[in-house]
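This report is intended for a reader meeting the structure for the first time. Please look over the sequence and the model before reading on.

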Amino acid sequence: MNIKLPSFIKLYHQLIAAPSISATDAEHDQSNEVVINLLAEWLKEIGFSIEIQGVPETRGKFNLLATLGSGSGGLLLCGHTDTVPFDEGRWTQDPFTLTERDGKLYGLGTADMKGFFAFIVDALRDIDVSKLSHPLYILATADEETSMAGARYFAANTHLQPDFAIIGEPTSLQPIRAHKGHIAQAIRIEGKSGHSSDPARGVNAIDLMHESITQLIKLRHTLQERYHNPAFVIPYPTMNFGHIHGGDAANRICACCELHMDIRPLPGLTLQNLNELLNDALEPVKQRWPGRLSVTELHPPIPGYECPTDHKLVGVIEKLLGTKADTVNYCTEAPFIQALCPTLVLGPGSIEQAHQPDEFLDMAFIEPTRKLLSQLVEHFCLNLHSKP
């Protein structure tokens, strides 16, 4: 092991100091190349072979796959290298300077989730990686906070088939075996403007949107009645109307109205099924008003994810942590990694800190996380009998 690697806190500091914001608008979007290069340098020192992969249709974003050992199966530890934008003026310290205070590490990405890579590198110091019986992979992805382009591209183009994967999102070290998906759609109505004194001479887009929302509310009730999973706190798919805009003056017939909405499907409700249900719900409006209603994606959809409760990985992790795997409503890259191998979401820090000013990681997570990562590598990569 090369002892020149910086200390754990210095690793963390360097990761936080490298801005890697993902944003839909080009003004705030940033490349993650500096973070990728840091990880490549550190993991090369340990002995990993490094593959850096440009992610198409992004603004200079990259994935990194680091491989140590050979053979089939093995363990994949993965996470994303990007962060959300930060709220200017609401942070009490520089978001890009790691600040230690009152037993907490403050900075953008400390919990969600660049810091997880510092944990990985630090844990590997104390492991004799020359004795790996199965390969260990580290995957660092791009643009999880926006399009999940990195994980999508990697999953669609890799031949990697590990035995297991862990995604180090902030779960307070609570293993997560399932979460809902997410689709976000724009419903757009094209009406016909005119003077409000003669409504029959136009087509009011707000009226048509009212008809559309009526149909969508019926679909909302159908989803609640038809699909149910008691493992979730909210055990049915949810639908939210998040933004609506239409018209420009009280005395004009509204010519355009747009609604932004989202649906969070349970695992098992496929994106194709959901699109069919959505289109069927809006069909009466389309039939009555041909060519005036359109549905477009606000971002690529994310399917629901579930790792079977009886899978060996779940049992191993539950035994190591002394707690049962749970479910959550937010989304991660797990559906895409799960396409390669059984996957759990498990990492240090609290999801309550994600996307918040003064984001922090409680330092109480440091020792348990270091111990857990060492146990995972030992169990799945060093133990000759670890194959499922």
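## Basis of the model

The model is predicted, and local features need pLDDT of at least 70, side-chain atom pairs count only at pLDDT 80 or more, and totals for chains, interfaces and linings use all residues. Residues are numbered from 1 along each chain as its sequence is written, and side-chain values use heavy atoms, with hydrogens and water left out.

## Aromatic pairs

A pair of aromatic rings is described by the distance of the centres and the angle of the planes. Rings of Phe, Tyr and Trp (its six-membered ring) pair if their centres lie within 6.5 Å; planes under 30 degrees apart count as stacked, over 60 as edge-to-face and the rest as tilted. Helix α1 (residues 8–16) holds both residues, which are four residues apart, about one turn of the helix; helices (H or I, at least four residues) and strands (E, at least two) are DSSP runs, numbered from the N terminus. Phenylalanine 8 and tyrosine 12 are both buried, where buried means under 20% relative accessible area, exposed over 50%, and partly exposed in between (1.4 Å probe, protein chains only). Ring pairs also join Phe8 and Tyr12 with Phe119 in a cluster.

Phenylalanine 164 and phenylalanine 380 form a tilted pair, with 4.5 Å from centre to centre and 50 degrees between the planes. Phenylalanine 164 belongs to strand β7 (residues 164–167) and phenylalanine 380 to helix α9 (residues 366–382), so the pair ties together parts that are 216 residues apart in sequence. Both phenylalanine 164 and phenylalanine 380 are buried.

## Charges over rings

A charge sits over a ring if NZ of Lys or CZ of Arg is within 6 Å of the ring centre and within 35 degrees of the ring normal. The charged end of arginine 101 is placed over the ring of tyrosine 106, at 4.4 Å from its centre. Arginine 220 has its charged end over the ring of phenylalanine 241, at 4.9 Å from its centre.

## Salt bridges

The whole structure contains 15 salt bridges, each a side-chain nitrogen of Lys or Arg within 4 Å of a carboxyl oxygen of Asp or Glu. One of them joins arginine 188 to glutamate 190, with the closest N and O atoms 2.8 Å apart. Arginine 188 is partly exposed, at 32% relative accessibility, and glutamate 190 is partly exposed at 35%.

Another salt bridge links arginine 252 and aspartate 248 (2.8 Å, N to O). Here arginine 252 is partly exposed, with 39% relative accessibility, while aspartate 248 is exposed at 59%. Glutamate 318 and lysine 324 are joined at 3.7 Å, N to O. Glutamate 318 counts as buried at 17% relative accessibility, whereas lysine 324 counts as exposed at 61%. Salt bridges also connect Asp29, Arg59, Lys61 and Asp143 in a network.
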